[in-house]
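Subject: Structure handover and findings

Hello,

Here is the structure you will be working with. My notes follow below it.

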Amino acid sequence: MSAALDSLLDLLDLEQIERDIFRGTSRSAVVPRVFGGQVAAQALVAAGRTVPADRAAHSLHAYFLRAGDPGAPIVYSVDRIRDGRSFTTRRVVAVQHGQPVFHLSASFQTYEDGLEHQADMPASPDPETLPTAAEMLPRYADRFSDPGMVDRLIEARAAVDLRYVDAPPFGTVGEAREPRSQVWFRTNGKLADDPLLHVCMATYVSDMTLLDSVLLAHGRGGWAVGDVVGASLDHAMWFHRPFRADEWLLYDQESPSASGGRGLGQARIYTADGRLAITVIQEGVVRVPRGPVAG
């Protein structure tokens, strides 16, 4: 296991300070606020720790309310909304400095057989043939006005092996492309056989690239380039089938719409053998800066 993955696992191992109240810390991010995937994953950890082990997470719906302060702890308060015969529902509010910064509702279900069908997995190259972040990012160093940006991006993704199928948005600035993006990802090391951990890890990664397709449609490079500003607004995930986050997963993303200063991303996550594991939808603020563009 890599040191970065070990650090991320520590981040997700929340401190329980009271019944249904947990506390987490943050790690440095590319932008000076708490990474949205982190707070979503930590909130799901908090919810899952109040649910019987035989009930797996099957969906979450969340809102990002305020920018999180990476220098302060985050307190997660869990509300036990319902414990039914098959489904369990939890609500989690994340608080910093006395104000809610994030809200999540999650549902868990006991296993049962049922009807089966799924969308086919799209074509994609073998992830082992694609460059790693450490190999790919230095190629685009001249796109960033901040000389330390490449190192910060590599550090932010050190716990996860994330590989772009095509050039990322900052690789084709000024060139409008089809609003679709694919990345393969897996953790940089094996994880314990805990289904909740794998779901939380996928939740963490799901916020890294989902709005890329919005940027591609307009030839924008993204937050690190400085030709857009924005943040996640809401996030929803449905967990259809079991998967492991330490094995290759294909994140197939697209944007059907951008308007009103907002962009919508939707995606499907497949296992390497073609099983549809997760569906993801997110809307975010995507604004063009009014002042001079960085770079």
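Helix α2 (36-48) is largely enclosed by the rest of the structure, because 13 of its 13 residues are buried. Buried means under 20% relative accessible area, exposed means over 50%, and partly exposed is in between, with a 1.4 Å probe and protein chains only. Helices (H or I, at least four residues) and strands (E, at least two) are DSSP runs, numbered from the N terminus. From first C-alpha to last, α2 reaches 18 Å, close to the 18 Å expected at 1.5 Å a residue. That expected span is 1.5 Å times one less than the number of residues.

The ground rules are these. This is a predicted model, in which local features need pLDDT of at least 70 and side-chain atom pairs count only at pLDDT 80 or more, while totals for chains, interfaces and linings use all residues. Residues are numbered from 1 along each chain as its sequence is written, and side-chain values use heavy atoms, leaving out hydrogens and water.

**Helix α1**

Helix α1 covers residues 3-12, and its buried residues are Ala4, Leu5, Leu8, Leu9, Leu11 and Leu12. Seen down the axis, they fall within an arc of 155°, so they line one face of the helix. The arc is that of the directions from the helix axis to the C-beta atoms. An α-helix has 3.6 residues a turn, so residues three or four places apart point the same way. Ala3 and Asp10 are exposed on the other side of α1. The cover over the buried residues includes α2, β8 and α5 (195-209).

**Cores**

The largest nonpolar core has 71 residues. Such a core is a set of buried Ala, Val, Leu, Ile, Met, Phe, Trp, Tyr and Cys residues joined through side-chain atoms within 4.5 Å. Tyr76, Phe102, Met201 and Ile278 have the most contacts inside it. Contact means heavy atoms within 4.5 Å. Leaving out residues up to four places away in sequence, Tyr76 touches several residues, including Leu14, Asp20, Phe22, Val39 and Val92. Another core, of 7 residues, lies apart from the largest one; among its members are Trp184, Leu250, Tyr270 and Leu276.

Strand β7 (160-164) is largely enclosed by the rest of the structure, since 5 of its 5 residues are buried. Val160, Leu162 and Tyr164 point one way, and Asp161 and Arg163 point the other way. In a regular strand the side chains alternate between the two faces of the sheet. β7 and β8 run antiparallel, joined by 5 bridges. Two strands pair if DSSP finds at least two bridges between them. Leu162 has Phe185 of β8 as its bridge partner.

Strand β12 (residues 276-287) has 9 of its 12 residues buried, so it too is largely enclosed by the rest of the structure. It pairs antiparallel with β9 (residues 229-239) over 10 bridges. There, Gly230 is partnered with Val286 of β12. β11 (residues 262-271) also pairs antiparallel with β12, over 9 bridges. In that pairing, Arg268 has Thr279 as its bridge partner. The β11 and β12 hairpin has 4 residues between the strands, and Gly274 takes a positive phi near 95° there.

**Aromatic pairs**

There are 5 aromatic pairs. Rings of Phe, Tyr and Trp (its six-membered ring) pair if their centres lie within 6.5 Å; planes under 30 degrees apart count as stacked, over 60 as edge-to-face and the rest as tilted. Tyr140 and Phe170 are edge-to-face, at 5.7 Å centre to centre and 75° between the planes. Tyr140 lies in the loop between α3 (133-136) and α4 (149-156), and Phe170 in the loop between β7 and β8 (180-187), so the pair ties together parts 30 residues apart in sequence. Tyr140 is buried, with a relative accessible area of 13%. Phe170 is buried as well, at 6%. Tyr140, Phe144 and Phe170 form one aromatic cluster.

Asp20 has a positive phi of about 70° although it is not a glycine. Its place is the loop between β1 (15-18) and β2 (21-24), and Asp20 counts as buried at 8% relative accessibility. His97 has a positive phi of about 50°, and it is not a glycine either. His97 sits in the loop between β5 (87-96) and β6 (99-110). It is exposed, with a relative accessible area of 61%.

Best wishes
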